[in-house]
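This report describes the fold of a single protein chain, from its overall form to individual residues. The sequence and model are shown first.

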Amino acid sequence: MIQILQVEGMSCNHCVKTIEEALEKIEVKSSVDLAGKSVTVEFHEGKVTLAQIKGVIENQGFDVV
């Protein structure tokens with residue numbers, strides 16, 4: 001499944017790397033659009049839920065809206 005999440009609080013390439021690395025740990029492919037304030041995630045619903053993905057992003061200090 002592919003989902004686009006709106007994420008507030010990202011301001012630099014370090015933010016991008018932080019999110020991508022955190023999601024990689026739970027086997028979620030991601031692409032961060034810093035200018036668009038969004039994160040596109042690709043995941044298998046049987047392994048990870050959207051709520052878990054949002055939680056991982058929020059645990060890094062960002063707000064999923």
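## Overall architecture

The protein chain of this predicted model contains two helices and four strands. Read from the N terminus, these elements follow the order β-α-β-β-α-β. The radius of gyration is 10 Å, close to the 11 Å that the globule rule gives for 65 residues, so the chain is as compact as a globular protein of that length. The C-alpha trace spans about 30 × 20 × 15 Å along its principal axes.

Of the 65 residues, 32% count as buried. The protein chain exposes about 4200 Å², and carbon and sulfur atoms supply 47% of that area.

The four strands form an open sheet in the order β2-β3-β1-β4, with antiparallel pairing. Strands β2 and β4 stand at the edges with a single partner strand each, so one side of each has no neighbour in the sheet. Strand β1 (residues 2-8) is joined to β3 by five bridges, and the two run antiparallel. Within this pair, L5 has V39 in β3 as its bridge partner.

Two bridges join β1 to β4, again in an antiparallel arrangement. Here V7 stands opposite V64 in β4. Both helices pack on the sheet: α1 touches β1, β2 and β3, while α2 touches β1, β3 and β4. The direction of α1 makes about 165° with that of β2, whereas the direction of α2 makes about 30° with that of β1.

## Helix α1 and residue T18

Helix α1 covers residues 13-24 and includes T18. Is T18 buried or exposed? Its relative accessibility is 18%, and because the cut-off for a buried residue is under 20%, T18 counts as buried. Apart from its neighbours within four places in sequence, T18 is in contact with Q60 and F62.

## Helix α2

Helix α2 covers residues 50-59, and its buried residues are I53, V56 and I57. These residues cover an arc of only 95° around the axis, which puts them on the same side of α2. They pack against β1, α1, β3 and β4.

Just after the helix, G61 takes a positive phi of about 100°.

## Loop residues with positive phi

Most residues other than glycine have a negative phi. Which loop holds E27, a residue with a positive phi of about 60° although it is not a glycine? E27 is found in the loop between α1 and β2, the latter formed by residues 29-33. With a relative accessibility of 57%, E27 counts as exposed.

K37 is likewise a residue other than glycine with a positive phi, in this case near 50°. K37 lies in the loop between β2 and β3, the latter formed by residues 38-42. A relative accessible area of 40% makes K37 partly exposed.

## Residue L34 and its contacts

L34 also lies in the loop between β2 and β3. At 27% relative accessibility, L34 counts as partly exposed. Which residues does L34 contact, leaving aside its neighbours within four places in sequence? They are M10, S11, C12, N13 and V16. The C-alpha atoms of L34 and S11 are separated by 6.9 Å, although the two residues are 23 residues apart along the chain.

Methods
Residues are numbered from 1 along each chain as its sequence is written. This is a predicted model: local features need pLDDT of at least 70, side-chain atom pairs count only at pLDDT 80 or more; totals for chains, interfaces and linings use all residues. Side-chain values use heavy atoms; hydrogens and water are left out. Buried means under 20% relative accessible area, exposed over 50%, partly exposed in between (1.4 Å probe, protein chains only). Contact means heavy atoms within 4.5 Å. The arc is that of the directions from the helix axis to the C-beta atoms. Two strands pair if DSSP finds at least two bridges between them. Axes are lines fitted to C-alpha atoms, for helices over the stretch in contact, and angles run from 0 to 180 degrees between N-to-C directions. The radius of gyration is taken over C-alpha atoms; the globule rule is 2.2 Å times the number of residues to the power 0.38. Accessible areas come from the Shrake-Rupley method with a 1.4 Å probe; for residues, only the protein chains shown count as cover.
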